[in-house]
Amino acid sequence: MRRKLFHSFCTLFFCALLLCGCSGGESDSTPESRAEDRELTMKTPLEDDEVLLQRASEQAIARFGAEMMAALTHAINENGAAEALNVCNVVAPDIAVAHARDGWFLSRLATKVRNPNNKADRDEEIILERFAADTTLSFIAQWGDPENKEEFHYYKPIRMKEICLNCHGDNSKLGEGVAQKLGELYPSDEATGFQLGDLRGMFAVEVIWPEGREYAIKLVEPEG
């Protein structure tokens, strides 16, 4: 869905081959049949794989969100709310690139955008509409093509927190220097006027399957 945008972050995928080992004892299977079994396993994820992808997606989003929040909080505490805009303008894309690896891509999408690169397409707008209509909906997971299952998508809503109001709240209540900085960095900005708890946008994860399986396992079961 957002392959074109995701691919601008990283053009190389790292392919991970799934290794099928023997369970012990003798087997009557031939090398050809074992190869066919491996291919089938790679192309047709089991239910457990979908659970793995959902859990790993939550971990990837949590890491991204924690890094963003830490950078924003530091910028505001050190130099005021206007400095947080530099974080979103410079640091956020770098964080997104750092999380684009091993068949995994992560971005933030919205309808009212500050950065045009974060504009949701029509299919993604439908996902956002579902989040807006149901505040209890915490995520949406789906395959890009349910038949082939080669792309997994995971979406999580971003709702306005107190810290976000400094740069995205009512125009009359923006942090000091924010309006001026917005004019410099984002002259076509659409992302103000939000209230606490409003839907700001969503995180969007795309996983190329089965290439992304190895990193999914690392996210869920980090070493050490």
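Ala, Val, Leu, Ile, Met, Phe, Trp, Tyr, Cys and Pro are counted here as nonpolar, Asp, Glu, Lys and Arg as charged, and the others, Gly among them, as polar. On this basis, the lining of the largest pocket comprises 26 nonpolar, seven polar and six charged residues. The model is predicted.

Among the helices, H1 (3-9), H3 (47-79), H4 (81-98) and H6 (165-168) each supply at least two lining residues. Strands S1 (104-109), S3 (151-159) and S4 (199-208) each do likewise. The top contributor is H3, with eight residues in the lining.

Helix H3 also holds Leu72. The relative accessibility of Leu72 is 17%, so this residue counts as buried, the cut-off being under 20%. Leu72 and Ile163 are separated by 91 residues in sequence. In space, their C-alpha atoms lie 8.7 Å apart.

The axes of H4 and H7 (residues 178-185) come within 8 Å. They cross at roughly 25 degrees. H4 is therefore roughly parallel to H7, since angles under 35 degrees fall in that class. The crossing of H4 past H7 is right-handed.

Backbone geometry was examined next. One is Asp102, with a phi of about 50 degrees. Asp102 sits in the loop between H4 and S1. Its relative accessibility is 15%, so Asp102 counts as buried. The other is Lys149, whose phi is also positive, at about 50 degrees. Lys149 belongs to the loop that runs between strand S2 (140-143) and S3.

A cis peptide bond was found between Trp209 and Pro210. Omega for this bond is about 5 degrees. Pro210 is placed in the loop between S4 and helix H8 (213-220).

Methods:
Residues numbered from 1 in each chain as written. Predicted model: local features only at pLDDT ≥ 70, side-chain atom pairs only at ≥ 80, totals over all residues. Heavy atoms only, no water. Helix = DSSP H or I, 4+ residues; strand = E, 2+ residues; numbered from the N terminus. Buried < 20%, exposed > 50% of the residue type's maximum accessible area, 1.4 Å probe, protein only. Axes fitted to C-alpha atoms, helices over the stretch in contact; angles between N-to-C directions. Parallel < 35°, antiparallel > 145°, perpendicular 65-115°, else oblique. Left-handed = near helix turned anticlockwise from the far one by under 90°.
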